[in-house]
Amino acid sequence: MLKNKSTIIFFVLFIIGISSYMASAVKVQALRDRLDPTQIVSALNVSPEVLKIASGEFASLLADYLLLKASVYLGGRDEMPEANQKTVSTLFSQSANLDPYFFQTCYFVQGYLPWWKGDYVKKGIEILELFNAHRDWDWQPGFFIGFDYFYFLRDNLTASRYLMEIAKRHEAAKSLGLLGARLAQRGGETITSIAFLKTMYERTENEAQKEEIARRIEALNGVLILEKGIEQYVWSFGHPPETLEQLTATGILKTLPKNPTRPNEAYLYKNGKIEF
Amino acid sequence: MNPIWLITKITFKEGIRNRILFGITLLALLLFASNVVLTNLFSLEVGKVMVDLGFAALSLAGLSIIFFLGIGMLSQDIHNKTVYMIVGRPVTRAQYVMGKFGGMTLLLFVVMLILGFLAMVSFGIGSALRPGATMPRNFSWVSLLTTIGFHFLSLLIVLSVSFFFTVISSSIYLAMLFTFCIYFIGHSLETIVKVLIKGEFMEVSPWYVGLMKGMSWLFPNLSAFDLKANLAYGLPYDGAYLIWTGLYGCAYIVIMFLLTLVIFKQKDLC
C-alpha cells in the first residue's frame with residue numbers, strides 16, 4: 001500500500017517536473033529568440049590590466065573573443081546609441097591591450113572610432129598608438145594615426161610627423177613621406193620638410209623615387225623663398241601681400257621661384273599661405 | 001633494468017591506459033575542429049587566430065593531464081598505500097618519485113607531440129577551407145617547435161609544482177587547488193607587478209611593491225615561456241632570451257623536484 005503511494009507521488013512529481021520544464025523551456029526559448037544578438041552589446045567595466053591578469057596565458061584568445069563580440073554587434077550598422085558606442089570602444093580598448101599586435105583590431109578601431117567624432121577620435125588614436133608601438137614592421141597603424149590627425153583633428157603638423165616617421169621606418173611607405181612633408185609645410189614647418197626630404201633622398205636607391213623627391217625638395221625651397229619674402233612684406237607693409245606678384249613688384253624678390261610640381265610652374269597662394 | 005626507467009615506463013603505460021586521457025584528447029580534438037569554424041569569423045591575420053586556438057587546446061590538454069592524471073596517480077599511490085608495494089622492493093623513495101616524474105614527463109611529451117601535429121593538421125584544413133587565409137608572418141617549423149618546446153617546459157614546471165603539493169598535502173583536492181593557484185599566479189604576477197610599478201590605477205606603498213617583487217622570486221614566471229605572440233606575428237626569437245628562460249625553467253624544476261624528494265623521504269607513509 002505504502003509502496004503504491006510513494007510510486008504515485010513519484011510519478012505525479014515527475015510529471016509536474018517534466019511539464020514545468022517543458023513549459024518554461026519553450027517560454028525561455030521564445031524570450032531569448034526576441035533578443036537579436038546584433039542588437040545588444042555589453043562589456044565588463046574593468047581595466048584591460050585586470051582582464052590580462054585574470055586571463056593569464058589565454059589573454060590573446062580573450063582578445064579575439066572581445067573583438068568578435070564587438071564586430072558581431074557592429075555588423076553593417078551605421079548608427080548606434082551613444083551608450084553602445086562607449087561599450088564598443090571599451091571592447092576595442094580591452095582587446096587591443098590584451099593583444100596589441102592583432103591587425104584586425106587595429107583595422108576595426110580605425111574603421112569606427114574616429115568616425116564617431118568627438119572624444120572617440122582621441123580614444124581611437126590612443127588605441128592605435130598601442131599598435132604603432134608593437135607592430136614595428138607595419139606602417140599602417142602610423143598611417144591611420146597620421147590620417148586621423150590630418151582629417152579629424154585638422155592638425156597637419158602632428159599628422160606630418162607620423163607620416164614622415166613611418167616613411168623613415170618602412171620601405172613600402174616611402175611615398176607617404178612626400179605626403180608628410182607636404183603636411184609639414186602646410187603646418188608651417190617648411191625647413192623640417194626640406195630636411196626630412198633630403199634625408200629621404202640620401203636613403204633612397206630607386207632612381208625614379210629619387211627624382212620625385214628632388215622635385216619636391218626644389219618645390220619646397222621655392223616655398224621657403226616665398227615665405228621669407230612674405231615675412232619681409234608683412235614687416236614692411238603691415239599685412240601680407242594679396243598676390244605673389246606683389247613681392248616682385250615691391251622689389252622684395254627679383255623673380256618668383258618656379259614650382260616643378262605643377263604644369264604652370266606656379267605656387268598657389270591663399271590666406272597668406274603658400275601651397276604647392 | 002634501472003628502477004627509475006621501470007617506474008617511468010609503468011607510469012607512462014598507466015597514463016596511456018587511463019580513460020581520462022581519451023576525454024582530454026577528445027576535448028583537444030573538438031578545439032582543433034573549432035579552428036575550422038571560428039577562423040571563418042575573422043578576415044585579417046587568420047593565422048594568428050589559429051595559433052591562439054591551437055595553443056589553447058595544447059594548454060588545456062596539458063593542464064588536464066597534470067591535474068587529473070599526474071596529481072591523481074601520485075596521490076592515489078600515496079593515499080591508497082599502493083606505494084608500499086613499490087618502495088618495499090629495492091627501490092628508494094627518490095627513485096620512485098623520479099620514475100613517476102619521468103613517466104608523466106614522457107606522457108606529456110607524447111601528448112604534446114601528437115596534439116601539436118593535430119594542431120598543424122587543423123591549421124592546414126582551416127587554411128584550405130578559408131580562401132585568403134595565410135600562415136602567420138615569418139612562419140617556420142623551427143619557430144613552431146621552439147614555441148611548443150617552451151610551452152612544454154612551462155607545463156613541466158606546473159608538473160613539478162603539482163608533485164611538490166601532492167607529497168606535502170594530505171588531500172588530492174588541496175594539491176589541485178595549490179597547484180592551480182601557483183599556475184594562476186605564475187601567469188599573472190608579472191603583470192600585477194608591472195601595474196603596481198606603473199601606479200596608474202592605484203597607489204601602493206613601496207614596501208608592498210617590494211613584497212610583490214619578492215614573491216616573484218618565489219613563484220615561477222610562467223608568462224615568460226609564452227612565445228605565442230612570436231609565432232603568431234613572426235616576431236624574432238632572441239637567442240639569449242631563449243637560453244636564459246630555458247635555464248630558468250630547468251632550474252626551477254630541479255629545485256621543486258629536490259624539495260619534493262626531501263619531503264617525500266621524510267614523509268610518514270603509514
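Three salt bridges are counted between chain A and chain B, a salt bridge being a side-chain nitrogen of Lys or Arg within 4 Å of a carboxyl oxygen of Asp or Glu. One of them joins the side chains of Arg135(A) and Glu45(B), at 2.9 Å from N to O. The model is predicted, so local features need pLDDT of at least 70 and side-chain atom pairs count only at pLDDT 80 or more, while totals for chains, interfaces and linings use all residues. Residues are numbered from 1 along each chain as its sequence is written, chains are lettered from A in the order in which they are written, and side-chain values use heavy atoms, without hydrogens and water.

The contact (heavy atoms within 4.5 Å) can be set out by chain.

| Chain | Residues in the contact |
|---|---|
| Chain A | 21 residues |
| Chain B | 29 residues |

Together the two chains bury about 2200 Å², with 66% of it on carbon and sulfur atoms; buried area is the accessible area (1.4 Å probe) that two parts lose on being put together, summed over both. Of the area that chain A buries against chain B, 30% comes from Ile53(A), Glu57(A) and Trp137(A), more than from any other three residues.

The side of chain A that touches chain B has eleven nonpolar, four polar and six charged residues. Here Ala, Val, Leu, Ile, Met, Phe, Trp, Tyr, Cys and Pro count as nonpolar, Asp, Glu, Lys and Arg as charged, and the others, Gly among them, as polar.
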